[in-house]
Amino acid sequence: MSLVALVPGADAATGRDMRPRRRVTRDAPVLLLPQAGPGEIVCWAHVQADGDVRVAAISSRVAVGGAYVELSARTRAPYDVAGHDMAGLVVTGEGEITEAVFYALPQSFEGDIGGIDGTQVHAMPDDLIPGHGYAVPAAVASWEKRVAFAAPYGSVPYGPDRPGESWSPDDELRRVDTIARAGDSVADWIGAAYGALGSGARGTVGAAGATGDPRRVVVRQAASSALMVASLDPGIARWLGRSGMIRHGAVHNERHGLLIATVPLHVHGGRLPVGATVIRDHGDALYDDLIVADGGFLRLLAEVGAWRPHPEFGPHDVLLAHIPLPYVTATTPARPVRPVVGPAPAPAGAPGGAGPRWAAGPPRRWEQAIAIGERPASTYSLHGPIPRGPVAFVRTDPAPPATLHPRIDGTVFAAPVVPGWDDATGVAMVLGTQLVPEGEAAGAVTWSLALSDWIGRWGESTEITLDPPAPPVPARPTIDAGLRRPAPTPAGAEATPPGQVHVRFRVPPAALPGALPLRRLTWTVDGSAQRPLDLTRAVPGPGAPALVVSADFPAPATVPGERRRVTVTAKVEDTAGTTSDVTTAEVDTSDARPVRPPTVAPRLLATSRRSGDASVSVTLTVRAAGNGAYRFYLASETALSRAAHLTPRPAATRAERARELNDATAASARQASMLALPDPVPVVGGVATARLDIPAGSVDVLAVRAVPVTAELDPSGRVIRDGVEAPFASVRPVFVVVPFDEVPPTPELRLTPAEAPGPASTPVKATVTVRGVPATVLGRYSGEPMQARFVEASTDGDPWFWPEIATTSLLRSPTDPGTFVGELTVDVPAWSRAGVAVAVRYPAEDTTIPGADVIDEPEFDASGPQGPRIESPWGPVSVPAWVRVAGAEPQISVRPDGGGGFRVRVAGLPALAPDAPTFRVDVYGSATGGGLVLLSESPVTDTSPEVPIPSGVVTAHPQLAAALVTPFGTSLPPVRVGTDALRHPGGIGG
């Protein structure tokens, strides 16, 4: 009785069976799932389909990202497939599915070498003769028979020797025996199985290929069972028992066959399935004999047993697992599919993305991760298929073709390669590498990839051509530069180079992966290209991290004290012409020759005037060529006189005192001087500018010297000494003074009009008297007279802004030396009131230094206007004095206007100042014959001399009179207004 049970299949998308039919297209594959009961092990499947379809049994294990593992497939009827513990079927292509059924073993199925009667040895189904097998009665097949029975008819397509050529069982036995007998290969292969499984970690799969081997292919494989690890090579797999060759006699079915694979499996004693027990019997020794390990497997058991237990999963152990391998008799599975390959996607944030990259370390090579598997092409979001077993990875271009598999040490055989499953991207991938000779450019490479199945057959290969990465850009150099001065320092003041600039370039060697050799260094000085420096022969010194090349060039011509900044740029070029980023460095060059002292102004320089602040200031400038520097020194008159043993002369003018200091203190000036500013002032734009703050109360003459400074620089251009000065005694000073702010005592003002007024104006004499002027104050000036400023007073506005009338000098009184008097005659218009005020000041201070050299454009001077005199400030404006000036009286007359009214006309009116009080006409009247009352007030001027009296006013007031009022408010005799006024023009009677 057969243990195989029928299991119905259903469409994963609908959950229903295939009735009536299920359409399959290339864009819409169908996933069929078995409706198995608890504990059933699905091993076979049958599909009834029409059209061009491919039916593939897939594993229950799905790779990261959804890729599935294909166990077995059929591309033509009958669509019968087998696979241990299959999860379902994937049907692709174009056609229709009419039926799908699965067959399963019960979970209680047991396979045990010692418990199987009538053991026979079978080979897996053959490509050419379906169902053909070999039997060795009553004995378990040796490893030679297990390998020879299933030997392929062609060598592995990735072999370094005779790849893909005809192959015989003897060839396969020799290949497997060489691999198995190389060193401790038995323990190595079993250890590799453990190494990929025991820690649960990813690692390099493959037992050969040193780290520096350029053909070494680094892949990562999350191996989940020793069965997968053992399938690295079909021959070694069969040698280990991977293909079983032990037919299980419990399956009595014409179509369904079952083999048992015995493989070592690493486990943790604390993680065994529920109900599972470990029984140690003769099976371990029997297995050691079967694979001819000569005790190697037993030694491995002892070694594993001595390992430190896992802290969570318990002790380590290696068990022999007997895994059922179902197959379908007389039916040959389809070969593996032609893979879909492309550049592997890069994890998020990975530098360089998915493109190729240069490998680290020698020899020079670049590498590219290649993904295997299609993108999702169905609603099930399955990628697939991806390889479960080894792949053949070969470079086909450039010729000649070469394997990318590492060669097994001491043999002519290549080790198998299993693609890695990348957690981050969810794809299976291998890593292709290509050697690039030093100094040569990399070219495109074509790689070929083919998949194999679990019985050692190879599918059709596919090729991918990829371009190499660009060589890394050379690292930019660094620059050190400095000035080498000649010895001795040249004389003269003409422009000449101050020395040679020595430039040293440090070039990092081409050490990055893939970098091309460096060819030359190109450099410029102030934008001008220089002769390139050869790097092909430059080598770093012992322990030096960089190549060093150097060059010299003359510094730009300078005048004494001038400083120039030179810009040096450099970049490195490799043999392909790729250049580095530009490095820029600046070098300061200075002329060490002493600088000629500046010419000075031949006059006193005034600071700002005193205010409420404690100090005043003056801004001094030195005009100089180049970009040197000046150090400013300050000395007071008191300090200079004391150092030169001069007698103070407070009665002399400050200009005279400055002449004496200039003549007598040159030798002792340095002793009396102090720094006015802490640091030298550089010349910027041809001018060195210094602002000095001076106590506001100073009355001394202050001597300021601008001493030229020549700086010394180190090779990097930094100032290391800036105290090389011209001889102090050779530097002429400028003399700075704080303007005096004294004003004379308040003046007295008296206005005296002439006795006889003029027809249009009257002369008024203004007399100003200043009393109590100190004689010592006048000694500060040059004997010039004091001045008085007369202004026209007003009843409003600020007195400082009253209009000026005239300025006159004040003369000393012959009777009183402290009294000064001045007079001014002012014409005051007739009939006007005038106000006059006065302010006085001391004489101006002469700034010209007697005997000084006359220099029209001195180099050392003060900014802003500096004239030959310092004007003294005006004192306060005095209290105004007022005067009234009368004139000839105007004449008033009355005439009828022809309409019943009258017109009053005033003749002889003077022209008065604008806004000044004017003449006016007052009209009086009486309606009852009684007293006169004021009816109107009308101003009259020389341009508007008439006042009308309307007829209505005349009718209402039988008696009228008009009177002229002067600008001073005095009313002149009135005249009668009426018809009788013409007969009595002399005025109003009674």
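Modeller: Start with burial: a residue is buried under 20% relative accessible area, exposed over 50% and partly exposed in between, with a 1.4 Å probe and protein chains only. By that cut-off Phe 632 is buried, and so is Phe 860. This is a predicted model, in which local features need pLDDT of at least 70 and side-chain atom pairs count only at pLDDT 80 or more, while totals for chains, interfaces and linings use all residues. Residues are numbered from 1 along each chain as its sequence is written, and side-chain values use heavy atoms, with hydrogens and water left out.

Colleague: How many residues does the protein chain have, and what share of them is buried?

Modeller: The chain has 990 residues, and 49% of them are buried. For its secondary structure, helices (H or I, at least four residues) and strands (E, at least two) are DSSP runs numbered from the N terminus. That gives twelve helices and 54 strands. For contacts, the criterion is heavy atoms within 4.5 Å. Among contacts with a separation of 6 or more, 72% are between residues 24 or more positions apart.

Colleague: What is a nonpolar core, and which residues of the largest one touch the most other members?

Modeller: In soluble globular proteins, nonpolar side chains tend to be buried together. A core here is a set of buried Ala, Val, Leu, Ile, Met, Phe, Trp, Tyr and Cys residues joined through side-chain atoms within 4.5 Å. The largest holds 28 residues, of which Leu 620, Tyr 630, Phe 632, Val 704 and Phe 860 touch the most other members. Elements giving two or more residues to this core include β30 (615-623), β31 (629-636), β34 (687-695) and β45 (860-862). A second, separate core has 27 residues, including Phe 790, Ala 834, Tyr 842 and Ala 881.

Colleague: Which residues is Phe 860 in contact with, leaving aside its neighbours within four places in sequence?

Modeller: Among them are Pro 598, Leu 620, Phe 632, Val 704 and Val 734.

Colleague: How should I read the strand pairing around β30?

Modeller: Two strands pair if DSSP finds at least two bridges between them. β30 and β34 are antiparallel and share nine bridges, with Thr 619 opposite Arg 691 in β34. β30 also runs antiparallel to β45, joined by three bridges; there Thr 621 stands opposite Asp 861.

Colleague: What makes an aromatic pair, and how many does the structure hold?

Modeller: Rings of Phe, Tyr and Trp (its six-membered ring) pair if their centres lie within 6.5 Å; planes under 30 degrees apart count as stacked, over 60 as edge-to-face and the rest as tilted. The structure holds eight such pairs. Phe 632 and Phe 860 are edge-to-face, at 6.0 Å centre to centre and 65 degrees between the planes. Because Phe 632 lies in strand β31 and Phe 860 in strand β45, the pair ties together parts 228 residues apart in sequence. Tyr 633 and Phe 728 have ring centres 5.1 Å apart and planes at 85 degrees, so this pair is edge-to-face. Tyr 633 counts as buried at 5% relative accessibility, and Phe 728 is buried at 10%. Elsewhere, ring pairs link Trp 366, Phe 393 and Trp 447 into a cluster.

Colleague: Arg 654 is in helix α9. Where do the buried residues of α9 fall, seen down its axis?

Modeller: The buried residues of α9 (654-664) are Arg 654, Ala 655, Arg 657, Ala 658, Leu 661 and Asn 662. They fall within an arc of 160 degrees, taken over the directions from the helix axis to the C-beta atoms, so they line one face of the helix. They pack against β29 (604-606), α8 (637-644), β37 and β44 (845-846).

Colleague: Which backbone angles deserve a check?

Modeller: His 645 has a positive phi of about 60 degrees although it is not a glycine. His 645 lies in the loop between α8 and α9, and is exposed at 72% relative accessible area. Trp 831 also has a positive phi, about 55 degrees, but counts as buried at 8% relative accessibility. For omega, a cis peptide bond joins Pro 362 and Pro 363, at about -10 degrees.
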